[in-house]
Amino acid sequence: MRIYIADDYEQMSVKAALIVAGQITMKADSILGLCTGSTPIGMYKELVKMHRQQGLDFSQVITFNLDEYWGLSPENDQSYHYFMHENFFNHVNVKPNNIHIPNGLAEDINDECKRYEEAIRQANGLDLQVLGIGRNGHIGFNEPATEFIGETHLVELDTDTINANARFFASRAEVPTQAITMGIKTIMQAKKILLLANGEGKAQAIKEAVTGEVNPSVPASILQLHPDCTFLVDKAAAKYL
Ligand code: GLP
């Protein structure tokens with residue numbers, strides 16, 4: 001695992017965008033695993049800037065998002081569908097057919113999880129997965145647990161996660177309690193992983209993920225076993241390293 005400590009959020013975001021841009025430059029038809037949350041917003045802004053100002057081309061890129069709330073329609077402004085279009089897809093030239101996000105309204109959850117997993121397999125797996133991290137060490141929506149769950153699945157969200165994400169909703173009661181997430185195996189099979197974290201609120205999770213034992217109680221700790229994983233964090237998130 002490589003660790004890069006950026007001075008601040010700005011520098012972290014620029015560097016993250018350069019890594020993604022480098023991936024696309026090396027392989028125009030890259031399969032990107034993408035994440036949501038407040039952390040990657042700066043990276044998406046930089047990528048949009050690179051597209052507009054330098055012609056960074058996403059026309060052959062295929063994307064798979066990590067997760068989606070269960071029960072939210074794509075039009076709901078708290079859905080990850082909405083987030084991704086608002087913050088990224090509407091501003092670059094990724095082809096709509098190349099965008100994949102789990103369907104939070106699928107009638108059969110098991111079918112939807114299998115379909116998503118199969119779509120990633122058909123695409124030959126992820127070239128680069130970008131991750132954020134929850135304050136409880138979650139990646140995607142793989143919450144702390146007693147075992148690592150391999151493939152895309154439905155998950156009950158932790159109280160901590162519901163509380164943390166309530167800031168985006170009108171009230172806590174509106175936060176969905178379940179989500180579809182890529183599993184740990186799906187994530188670990190990505191050829192490269194880039195995890196972003198900023199702010200002191202993530203410092204404990206980063207410490208446990210980087211220096212703690214590999215344990216499903218801190219899902220991000222599994223990344224220690226990935227052959228090509230970079231943690232790109234700001235100074236505040238690196239406080240305990
Ligand atoms: C959500 C997402 C994660 C994300 C996490 C951190 O729970 N499912 O993929 O990493 O939030 O969010 P933030 O970047 O807003 O702290």
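**Figure 1. Thr 161 in helix α5.** In this predicted model, Thr 161 has a relative accessibility of 2% and therefore counts as buried, the limit being under 20%. The residue belongs to helix α5, which covers residues 159–165. Leaving out residues up to four places away in sequence, Thr 161 touches Asn 136, His 138, Phe 141 and Glu 143.

**Figure 2. Ala 209 in helix α7.** Helix α7 runs over residues 203–211 and contains Ala 209. With a relative accessibility of 0%, Ala 209 counts as buried. Apart from neighbours within four places in sequence, the residues in contact with Ala 209 are Met 1, Ile 133, Val 218, Ala 220, Ser 221, Gln 224 and Phe 231. Ile 109 is 100 residues from Ala 209 along the chain, and the C-alpha atoms of the two are separated by 30 Å.

**Figure 3. Helix α2 and the elements around it.** Helix α2 consists of 14 residues, 41–54. At 1.5 Å a residue the helix should span 20 Å, and the 19 Å between its end C-alpha atoms agrees with this. The buried residues of α2 are Gly 42, Met 43, Tyr 44, Glu 46, Leu 47, Val 48, Met 50 and His 51. An α-helix has 3.6 residues a turn, so residues three or four places apart point the same way. The buried residues of α2 pack against helices α1 (9–26) and α3 (80–87). They also pack against strands β2 (31–34), β6 (128–131) and β9 (192–197). After α2 comes Gly 55, which has a positive phi, near 70°.

**Figure 4. Asn 124 in the loop between α4 and β6.** Helix α4 covers residues 109–122, and Asn 124 lies in the loop between this helix and β6. Asn 124 has a relative accessible area of 65% and is exposed, since exposed means over 50%. Its phi is positive, near 75°, in a residue other than glycine.

**Figure 5. Glu 151 in the loop between β6 and β7.** Glu 151 lies in the loop between β6 and β7, the latter being residues 153–156. Its relative accessibility is 33%, so Glu 151 counts as partly exposed. Not counting residues up to four places away in sequence, Glu 151 touches Glu 117, Arg 121, Thr 181, Met 182, Gly 183, Lys 185 and Thr 186. One of these, Glu 117, is 34 residues from Glu 151 in sequence, with 7.0 Å between their C-alpha atoms.

**Figure 6. The protein chain as the setting for the close-up views.** The secondary structure of the protein chain comprises 7 helices and 10 strands. A compact globule of 241 residues would have a radius of gyration near 18 Å, and the 17 Å of the protein chain agrees with this. Along the principal axes, the C-alpha atoms fill a box of roughly 45 × 45 × 35 Å. Of the 241 residues, 54% count as buried. Taking contacts between residues at least 6 apart in sequence, 79% join residues at least 24 apart. The protein chain exposes about 10,800 Å², of which carbon and sulfur atoms supply 49%. There are 20 positive and 30 negative charges, and their mean positions are 7 Å apart.

Methods
Residues numbered from 1 in each chain as written. Predicted model: local features only at pLDDT ≥ 70, side-chain atom pairs only at ≥ 80, totals over all residues. Heavy atoms only, no water. Helix = DSSP H or I, 4+ residues; strand = E, 2+ residues; numbered from the N terminus. Rg over C-alpha atoms; globule rule 2.2 N^0.38 Å. Buried < 20%, exposed > 50% of the residue type's maximum accessible area, 1.4 Å probe, protein only. Contact = heavy atoms within 4.5 Å. Areas by Shrake-Rupley, 256 points an atom, 1.4 Å probe, with all protein chains shown as cover. Lys, Arg positive; Asp, Glu negative; His and termini not counted. Charge placed at Lys NZ, Arg CZ, Asp CG, Glu CD. Expected span 1.5 Å × (residues − 1).
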